[in-house]
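This report describes a single chain, from its overall make-up down to individual side chains. The sequence and structure come first.

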Amino acid sequence: MEQFDTALVLSRVLTSGVVMSIEKNDRELPALERLLTKRTRRSKAILVNSRSAAVHAALTGQDIGHGDTAELPAAATGRDRAFVDWVGVTATAPADGAAPAPAFDLITLTPENAADLASAAADATAPTLVVDLTGLGFGPAAAVLTDDAGVWTRGERLKIFGAFDLRTMWTQEEAEPGLAPGVQFNYRLSPLVAACARMALAQAGTRSAEKTGDTPR
């Protein structure tokens, strides 16, 4: 994304007065969620502030936690594997002769491949899809995409000031108290980063559509 475009996005967010994602009238995070669910053809999105947070949410969303095992995708790095080990999950390999069945698929986006998100997501078959947005250049950011409402609920519950915490704060009534985890993490994404990531993805989609003659998605 050009510096001029970045300046326009930052100016819009800052002059809106909504620079904290816990504010009820924040529009940047919902807008990025809509773009990602549309581009990946998944129904639910969990936005977080790092790749590790997305890996954590993808596992927790499937009730995979301390003492459990999980197969990781081939794209997982040594750092990803170290984090999974720190969480207390043991990484496993496919059984002999068995096809890989990772707990989540992993896509790492950069300005060079951002236009390929839709096709990469179409090839993903795991229950959840982790999309690392950090490489777009606006700070640590990632998302977990899924069609499973239970995965989304547990993943959102992992975040301090996730969707359920905010609902509780705004209504003064506990939202889904039975789903509260034993510990939560400061994984909530900044509206500023979300706005810049969305602009980069939108522009990548436009460039891709111009090459193929399709309508931008």
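## Burial and basis of the values

A residue is called buried when its relative accessible area is under 20%, exposed when it is over 50%, and partly exposed in between, with a 1.4 Å probe and protein chains only. At 1% relative accessibility, Thr146 counts as buried.

The model is predicted: local features need pLDDT of at least 70 and side-chain atom pairs pLDDT 80 or more, while totals for chains, interfaces and linings use all residues. Residues are numbered from 1 along each chain as its sequence is written, and side-chain values use heavy atoms, with hydrogens and water left out.

## Overall make-up

The chain has 8 helices and 6 strands, taken as DSSP runs numbered from the N terminus (helices H or I, at least four residues; strands E, at least two). Read from the N terminus, the order of elements is α-α-β-α-β-α-β-β-α-β-β-α-α-α.

Of the 217 residues, 45% count as buried. A contact requires heavy atoms within 4.5 Å. Among contacts between residues at least 6 apart in sequence, 68% join residues at least 24 apart.

## Nonpolar cores

A nonpolar core is a set of buried Ala, Val, Leu, Ile, Met, Phe, Trp, Tyr and Cys residues joined through side-chain atoms within 4.5 Å. The largest one has 26 residues, and those with the most contacts inside it are Leu32, Leu36, Leu109, Leu133, Leu136, Leu189 and Leu201. Two or more residues come from each of helix H2 (28-40), strand E1 (44-48), helix H5 (117-123), strand E5 (128-132), strand E6 (142-146) and helix H8 (191-212). H8 gives the most to this core, with 6 residues. A second, separate core of 25 residues includes Val48, Ala58, Ala76 and Ala142.

## Helix H3

After H3 comes Asp63, which has a positive phi near 65 degrees.

Arg81 belongs to helix H4 (residues 78-87) and is partly exposed, at 36% relative accessible area. Beyond its neighbours within four places in sequence, Arg81 touches Leu72, Pro73, Ala76 and Ala91. The C-alpha atoms of Arg81 and Ala91, 10 residues apart in sequence, are 7.3 Å apart.

Thr146 lies in strand E6. With neighbours within four places left aside, the contacts of Thr146 are Arg42, Ser43, Lys44, Pro127, Thr128, Val151 and Trp152.

## Rings

Lys44 lies over the face of Trp152, at 4.9 Å from the ring centre; the criterion is NZ of Lys or CZ of Arg within 6 Å of the centre and within 35 degrees of the ring normal.

Rings of Phe, Tyr and Trp (its six-membered ring) pair if their centres lie within 6.5 Å, and planes under 30 degrees apart count as stacked, over 60 as edge-to-face and the rest as tilted. There are 2 aromatic pairs by this rule. Phe185 and Tyr187 form a stacked pair, with 5.2 Å between centres and 10 degrees between planes. Phe185 is partly exposed at 22% relative accessibility, whereas Tyr187 is buried at 10%.
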